[in-house]
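Let us take a walk through this structure together, one step at a time. Keep the sequence and the 3D view open while you read.

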Amino acid sequence: MGLRQKIIDSDFYRQMVQRRATGPLRAYYDIPAADPDTPVRDVEFVALDLETTGLDPKQDEIVSIGLVIIRRLEVDFSSCQHLLVRPKKELSESSVIVHRIFDTDVEQAPDIEIALAHILPILAGRVLVAHHAPIELGFLGHACKRYFGAPLQMPTVDTLVLALRDLHRQGQPMKPGALKLETLRHTHNLPPYRIHNALSDAIAASGLFLAQIAKRDPKGELELRRVLR
Amino acid sequence: MSLELKEISDFLKQHHPFDLLPDDVIEALPKRLTARYFRKGTKVLSPEQQCLHLHIIRTGGTETRDPDGQLLARLGEGECFGVRAMFRNGKAANNITMLEDSLVYLLPEKDFHDLAGKYPQFNYFFEQMGGARLRSGMQLLEKRDDDQLKLMSIRVSDLIARDLVSIDIGASILEAGKLMSSERVSCLLITQNGDEVAGIMTDRDLRNRVVAEARSFDEPVTNIMTPNPISIGPDDYAFDALLTMTRNNVRHLPVMKDGKAIGVITTNNLLARQSLSAVHMVGRIRKMTRPADMAKVIAQIPELLSNLIEAGATSRNAGHIVTTLSDAATSRLLQLAEEKFGPPPVPYVWMAGGSQGRQEQTALSDQDNCLILDDAYDPEQHGDYFKSLADFVCDGLDTVGYIYCPGEMMAKTDEWRQPVRVWQQYFNKWIEQPEPKALMLCSVWFDLRVIHGTRSIFEDLHRMIVTKAKGNRIFLAYMVGNALTHHVPLGFFKNFVMIRGGEHDRTLDMKHNGVVPIVDIARIHALANGIDVVNTYERLEAAMAFPSISKQGASDLLDAFEFISITRLKHQVRQIRDGDRPDNFLHPESLSAFERTHLKDAFSVIKNLQAALESAFGKSGT
């Protein structure tokens, strides 16, 4: 883990940034973060995936957010959310090809400010689960900083990092594509998904996360800190 | 509904009994679910543990064992566990252990009962699973009660076939009998004051209470009728009617509406609803005079088979029922032949061999049969008669749909239409001087069963065969050698060894590599121990009493036989549905992971018992 990330994930950093937060982000920080010593089965997680117009949070924008809550190590499908977000700029052709989201689809959608106001209360007090989390944290953090005065600090489990640790432990050479969400789901005997969008990828990551926890401790008694990124 | 959850509802739609729910209900269902993940080996439930969800297996598989550790079921994708807990106030009844890493969907108890309350078919499926005692894993796995489901959806009023036939309470037995005869009904309602039901009278009453008691026909019907009969309402389900009849041991039920009788339903009405019922088909064949007409009935066998399998029949049941039909066609053809060529000049008996002999026919059958004639047979005098008879029947069977035996093992062939003394010589030679070519014949001619004619002709011959074969070690060793030539398609690491190349590339031959080896093993144990039955299940059941096979071995082999046979039948049924010609070649990918595991288990059982066979009887000659 890099020093920068260590600092960003620290309590000290959280206390520092939350003072500058405004609006819904302030309310987010008012709810304390999950204690890293809690057994995972008592922690609530939110698996989240974003679709964006590119990979650079400074230039590119979020076009959709999918999320699902995990409680007591059960994925709760009733909590599923799938939000389209209206970008400030017109959608580029390449991102339309990737996500199949068109300008007309997002015309009626809320802009990112409103979308954040909707999801921040869901994120509060929970732990983020994402496959390759720097993307999600980068985009959400950038947007928070821009609209609500402070970055987003959130305890995070990165299923890709957990998979990487598993592979390192097994000491096997890594095959190309071994860390892709689909491949990892397959190795854990999870069903394939035909549809790809923010919500289905969030659900896919939630299933993988459960499998990774079950592999470490079927009873779910291990502490949260052992799976945080 | 969002597209992503459609993935889950689509999955549910593919599985019974969720497929019985209306689309809008099933599409709303994913939102009610949660998902859990279990590692292989995790014990998910144990008896009396709290279980507040119906568990639906999304991927992976489980094993159910009762509190004593007895295996009850193995479940795979799309199947449910925790069912009994739903009917026991959220207390699990059995031990559930994961056999594989599994993703499981959980439906809350309350939602389960909401669905069960609203959709009787859905409820019925689970009540059967949860309420009935689970006998074996396989039975649960195959459990389907579509027939009952059909009966559940038909109302009694739909079953009333004709207008009510009734007679006034003042009538005599004679008058009642005459009315029944002229109206061609098997029961009569006795009414008073117009349409008030006073009693019911059936043809059984005429037999038991009139003829058997030598009662005068002039007595009033009231003396023999059953007063105040049990009745049923027009809006009740056909299923309830069947239950009422079974419970009260009656075959007729008056249908009452607002205190008045509107009709009678009989067990026949209920059976007629299953228009393809085998009994009905047999009845039709017995009335037919032309093979071409019989062919139309026999052509329905695939459909019959597919209904049977769907209704949860075992392959043993299915084989028995399907064979009953070829027996019926054979007997009918023999009757017709005797009408055509006159009565037989000397007694004869018509025997079925092979799968018909063993009562193990499937959708695919050719004919194996022979004629055994009384020793009074004289070829000069009687040869033509029996030649004509055999040609008539074999050609008839071919027209009906049982194609000629490729090995010509038919009564049509001169060699297989012989008097008892010749047959004795044949069997003597096969048993005392076994040779590879003769062994092929043994698989057909050691599985003989009487179909028609003078049974006693066969009985003496049969006694001789059983006694002779029993004591002959060399013969048995030859049979073993032959049986071991059928290899089970399992490799060293328990992977399937499939056919390579050709028309059946990458398939398993379920007949020659699955069914035949078991049939062979059962035959050897039967012959070695003087067991005279020919059905493979019966042979193995009988063999358990002898030391040549262990009780456990025989019982494992019975399970393996049932599983392989039913898998083969299901494969054939699937082909029939897709409009293909049924065959024995199965692609393992068409099975679920769980079925594949089970199939491998079944093959390794065969492998083990083939090895045991070799050590019990030795191997020689090949």
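Nine strands form an open sheet in the order β5(A)-β4(A)-β1(A)-β2(A)-β3(A)-β1(B)-β8(B)-β3(B)-β6(B), and their pairing is mixed. Helices (H or I, at least four residues) and strands (E, at least two) are DSSP runs, numbered from the N terminus, and two strands pair if DSSP finds at least two bridges between them. At the edges of the sheet you find β5 (156-158) of chain A and β6 (80-81) of chain B, each of which pairs on one side only.

Before going on, a word about what you are looking at. This is a predicted model, in which local features need pLDDT of at least 70 and side-chain atom pairs count only at pLDDT 80 or more, while totals for chains, interfaces and linings use all residues. Residues are numbered from 1 along each chain as its sequence is written, and chains are lettered from A and ligands numbered from 1 in the order in which they are written.

Helices pack on this sheet from both chains. Helix α7 (residues 133-148) of chain A touches β1 (45-52), β2 (62-71), β4 (127-130) and β5 of chain A, and its direction makes about 80° with that of β1(A). Helix α4 (residues 109-118) of chain B touches β3 and β8 of chain B, at about 70° to the direction of β8(B). For such values, axes are lines fitted to C-alpha atoms, for helices over the stretch in contact, and angles run from 0 to 180 degrees between N-to-C directions.

**Where the chains meet**

Which strand of chain A is joined to β1(B)? Strand β3 (residues 74-84) of chain A is joined to β1(B) by two bridges, and the two run antiparallel. There A:D76 stands opposite B:T34. Five bridges then join β1(B) to strand β8 (residues 102-108) of chain B, again antiparallel. Within this pair, B:R36 has B:V104 as its bridge partner, and B:A35 has B:Y105.

Now look at β1(B) itself. In a regular strand the side chains alternate between the two faces of the sheet. Here B:T34, B:R36 and B:F38 point one way, while B:A35 and B:Y37 point the other way, and all are buried. A residue is buried if 20 or more other C-beta atoms lie within 10 Å of its own, exposed if 12 or fewer, and partly exposed in between; C-beta atoms are placed from the backbone.

The contact between the chains takes 24 residues from chain B and 25 residues from chain A. Two residues are in contact if their C-beta atoms, placed from the backbone, lie within 7 Å. On the side of chain B that touches chain A, α1 (3-13), β1, β3 (53-59) and β8 of chain B each supply at least two residues. Strand β1(B) gives the most, with five residues. By class, this side of chain B has nine nonpolar, six polar and nine charged residues. Ala, Val, Leu, Ile, Met, Phe, Trp, Tyr, Cys and Pro count as nonpolar, Asp, Glu, Lys and Arg as charged, and the others, Gly among them, as polar.

**Inside chain A**

Chain A has ten helices and five strands, and 40% of its 229 residues count as buried. Two of the helices, α3 (residues 23-30) and α6 (residues 112-123) of chain A, have axes that come within 9 Å and cross at roughly 0°. The helices α3(A) and α6(A) are therefore roughly parallel to each other; angles under 35 degrees count as roughly parallel, over 145 as roughly antiparallel, 65 to 115 as roughly perpendicular and the rest as oblique. Their contact is made by A:P24, A:L25, A:A27 and A:Y28 of α3(A) and A:L116, A:A117, A:L120, A:P121 and A:L123 of α6(A). These divide into nine nonpolar, no polar and no charged residues.

The largest nonpolar core has 100 residues, and A:V46, A:A47 and A:A202 are among those that touch the most other members. A nonpolar core is a set of buried Ala, Val, Leu, Ile, Met, Phe, Trp, Tyr and Cys residues joined through C-beta atoms within 7 Å. Helix α10 (residues 198-216) of chain A gives this core its largest share, twelve residues.

**A second sheet in chain B**

Chain B also holds an open sheet of four strands, ordered β2-β7-β4-β5, with antiparallel pairing. Its edge strands are β2 (43-45) and β5 (71-75) of chain B. Four bridges join β4 (residues 62-65) to β7 (residues 95-98) of chain B, and B:E63 has B:T97 as its bridge partner in β7(B).
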